[in-house]
Amino acid sequence: MVSSFQFSNPSLMNLSFSINDGFSKDEKEDINIEIQREISIGPGPEENSSVVILKLTIGAEDNSAPFYIHAEEGAAFRWDADKINDEQSDKLLKQNAPALLLSFLRPTISMITAASPFPVYNIPFMNFTE
């Protein structure tokens, strides 16, 4: 059964990665890496569609974190207006769409950090309902 809410092939739109050379880790201390997110929802190419972009900033550009990553993943989403009303489409675009885009960013971030001198970083689960 095909869903009434569909998406195009998600694309990595931007990726920036840099190691902070001045970062030093105390062996007894866990590394706490902050994640900031931003969701951008704009008009899509056709009626009943939107383009959603998930932007993540992981770490910091100073020596408080081992690295800095800025990544953006985006896709076009469309829905059947006969089956999904405006309230439902708004919820799907604000919650389901970014969750889907995050699942595409996870392996990219993992692969990039695996090539660094630090342990692999796996993006934790995020609650998009808030």
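Why is strand β5 largely enclosed by the rest of the structure? Let's work towards that, and thanks for coming, everyone.

A word on the model first. It is predicted, so local features need pLDDT of at least 70 and side-chain atom pairs count only at pLDDT 80 or more, while totals for chains, interfaces and linings use all residues. Residues are numbered from 1 along each chain as its sequence is written, and side-chain values use heavy atoms, with hydrogens and water left out.

Now the layout. The chain holds five strands and one helix, where helices (H or I, at least four residues) and strands (E, at least two) are DSSP runs numbered from the N terminus. Along the sequence they come in the order β-β-β-β-β-α. The C-alpha atoms fill a box of roughly 55 × 25 × 25 Å along the principal axes.

In β5, residues 67-79, eleven of the 13 residues are buried, so the strand is largely enclosed by the rest of the structure. Buried here means under 20% relative accessible area, with a 1.4 Å probe and protein chains only. Across the chain, buried residues are 38% of the 130.

And its partners? Strands pair if DSSP finds at least two bridges between them. β4, residues 49-59, runs antiparallel to β5 with eleven bridges, and Ser-49 stands opposite Arg-78 there. β2, residues 11-19, is also antiparallel to β5, through eight bridges, with Asn-14 opposite Glu-72. Finally, three bridges tie β1, residues 5-7, to β5, again antiparallel, and Phe-5 has Trp-79 as its bridge partner.

Notes
Buried < 20%, exposed > 50% of the residue type's maximum accessible area, 1.4 Å probe, protein only.
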